[in-house]
Each structure stands twice: as C-alpha cells, then as structure tokens.
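Me: I have a structure to go through with you. Can we take it in short steps?

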Amino acid sequence: MDGVDHVIIGVGSYTFPWSIGVHGFASPATPLGPIGLVERAASLGVGVVQICDNLPLHRLSPAELEALARRAGDLGVRLEVGTRGIGREHLLAYLELARRLGSPILRLVTDTADHRPSDADLIARFRELAPSLKSTDITLAIENHGRQSAARLVAILEAVNSAYVGICLDTANSFGALESPEPVTEALAPWTVNLHLKDFTIHRLPHQFGYQIT
C-alpha cells in the first residue's frame with residue numbers, strides 16, 4: 001500500500017453532519033439523504049461520495065439502493081461505503097453492499113456505543129474477513145478513530161497481514177489518543193487507502209487549564 005496510483009477528491013456523509021442530523025440534537029427540517037448527498041457532491045464537482053454510518057445504507061430498501069446507484073451513475077459520482085462495528089454478519093452484509101454499489105473500499109470505525117473490541121478481537125475478525133475481501137477485491141479501510149495509537153494500529157495490520165486490510169487516515173482523530181497528525185501520518189501512510197482531510201482549530205481555554213480541539 002506504499003504506492004499511490006491516483007487521487008480522487010470527494011466528500012462524505014460526515015462532511016455535512018448537521019444537514020443529515022446529529023443524534024441528540026434537533027433534526028434539520030429537511031434532512032439530507034443519500035441521493036441528496038450525491039447530488040450535492042456533483043454540484044461541487046467532486047468525483048466520490050463516501051456514505052458512512054450516519055447514513056446507514058443497510059436501512060435502505062433494494063429499490064432505494066438501486067435508485068442511489070442509478071443516480072450516482074448518471075452524475076458520474078463513485079460511491080464508497082462505510083459502517084461501524086465488527087460483527088461478522090454485519091461486516092459481511094456491508095461487504096455485499098460495497099460490492100453492489102461498486103465501492104473499492106469498506107471504511108470501518110471499529111467501536112460502537114456498546115462494544116469496544118480488543119486488539120486481539122480485531123485481529124481475529126479481520127483475518128476471518130480477509131478471504132471475503134480478496135474474493136470481492138474490496139479493501140477494508142480501518143479508521144484511526146482515536147482509541148488506538150498509531151503503533152497499535154500498525155501492530156494490528158501487521159498481525160492480520162493482508163493486502164486487503166488498510167487504514168482510513170483521519171488527520172484529526174488521533175488527538176483522542178494524544179497523538180498529533182505528523183507522527184500519525186508518518187506511521188500510517190504506508191497502510192493508507194483512504195484519507196480524511198478536515199479543518200480544525202486548537203484553542204487554549206480562557207481559564208488556561210486545558211485546550212479545546214474543534
């Protein structure tokens with residue numbers, strides 16, 4: 001994964017979280033759905049839309065999935081699929097969704113609200129999934145979501161030892177593991193198959209006791 005063939009700029013469902021709706025906050029009057037997200041991407045002139053767990057694709061009917069694929073094809077927008085959680089059946093279902101929608105990757109946040117798998121759990125699940133990834137030619141892109149350090153993620157990937165398991169590198173998330181972007185990027189770049197860029201600011205709080213990262 002240390003070679004870069006080409007780069008395609010895109011947006012994702014987490015680019016517009018407030019337009020989609022954020023759990024625990026007031027919903028927008030007209031929430032942005034998957035087709036609306038594709039249309040917004042096309043209006044911005046970008047070539048990829050990554051649909052993640054804040055717009056869960058498994059809740060769409062077969063007809064809705066077909067309409068989404070057709071609209072993306074009409075607009076020349078490639079779809080990428082993402083989800084959260086490492087349940088076996090859940091991952092296999094999303095791998096099938098990725099195959100149906102022509103997604104070259106399955107972006108994954110490993111933790112859910114009620115399950116924080118151990119590193120050993122992750123290694124076992126990804127080894128189990130590797131043959132299915134290979135047979136569909138889809139790469140699992142594990143996001144550095146803030147709990148594991150870059151070194152732990154590299155150790156997981158080395159233990160899995162599959163060309164079809166890599167990293168979705170988020171340029172800010174690793175602050176949650178008390179790591180700044182530069183060393184995280186250096187460690188994870190050779191494994192990176194998907195890159196999340198975002199604007200963020202770091203402010204010292206007015207009382208001087210701590211920082212806020214937004």
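This is a predicted model: local features need pLDDT of at least 70, side-chain atom pairs count only at pLDDT 80 or more; totals for chains, interfaces and linings use all residues.

Me: OK, so is Ile213 buried, exposed or partly exposed?
Reply: Ile213 has a relative accessible area of 42%.

Me: Where is Ile213 found?
Reply: Ile213 is in strand β9, residues 211–213.

Me: Which residues form a nonpolar patch with Ile213?
Reply: Ile202 and Tyr211. Together the three have about 310 Å² of accessible area on the surface.

Me: New topic. What is the phi of Asn161?
Reply: It is positive, about 55°, and Asn161 is not a glycine. Most residues other than glycine have a negative phi. Asn161 sits in the loop between α6 (150–160) and β6 (165–170). With 66% relative accessible area, Asn161 is exposed.

Me: And what about the phi of Leu178?
Reply: Leu178 is not a glycine either, and its phi is positive, about 60°. Leu178 is in the loop between β6 and α7 (181–188).

Me: Is Leu178 buried or exposed?
Reply: Exposed, at 80% relative accessibility.

Me: Now pockets. What volume does the second largest pocket have?
Reply: About 150 Å³. Its lining has 3 nonpolar, 4 polar and 3 charged residues.

Me: Which elements each supply at least two residues of that lining?
Reply: β3 (78–84) and α4 (88–101). The lining residues include Asp53, Arg84, His90 and Tyr94.

Technical notes. Residues are numbered from 1 along each chain as its sequence is written. Side-chain values use heavy atoms; hydrogens and water are left out. On a 1 Å grid over the protein atoms alone, a cavity is a set of points where a 1.4 Å probe fits but cannot get out, and a pocket is an open set with protein on both sides within 12 Å along at least five of seven lines; lining residues have an atom within 4 Å of a point. Grid points are joined across faces, edges and corners, and a volume is the space filled by probe spheres set on the points. Helices (H or I, at least four residues) and strands (E, at least two) are DSSP runs, numbered from the N terminus. Ala, Val, Leu, Ile, Met, Phe, Trp, Tyr, Cys and Pro count as nonpolar, Asp, Glu, Lys and Arg as charged, and the others, Gly among them, as polar. Patches are made of residues with over 30% relative accessible area and no salt bridge: like charges are joined within 9 Å, nonpolar side chains (Val, Leu, Ile, Met, Phe, Trp, Tyr) within 5 Å. Accessible areas come from the Shrake-Rupley method with a 1.4 Å probe; for residues, only the protein chains shown count as cover. A salt bridge is a side-chain nitrogen of Lys or Arg within 4 Å of a carboxyl oxygen of Asp or Glu. Buried means under 20% relative accessible area, exposed over 50%, partly exposed in between (1.4 Å probe, protein chains only).
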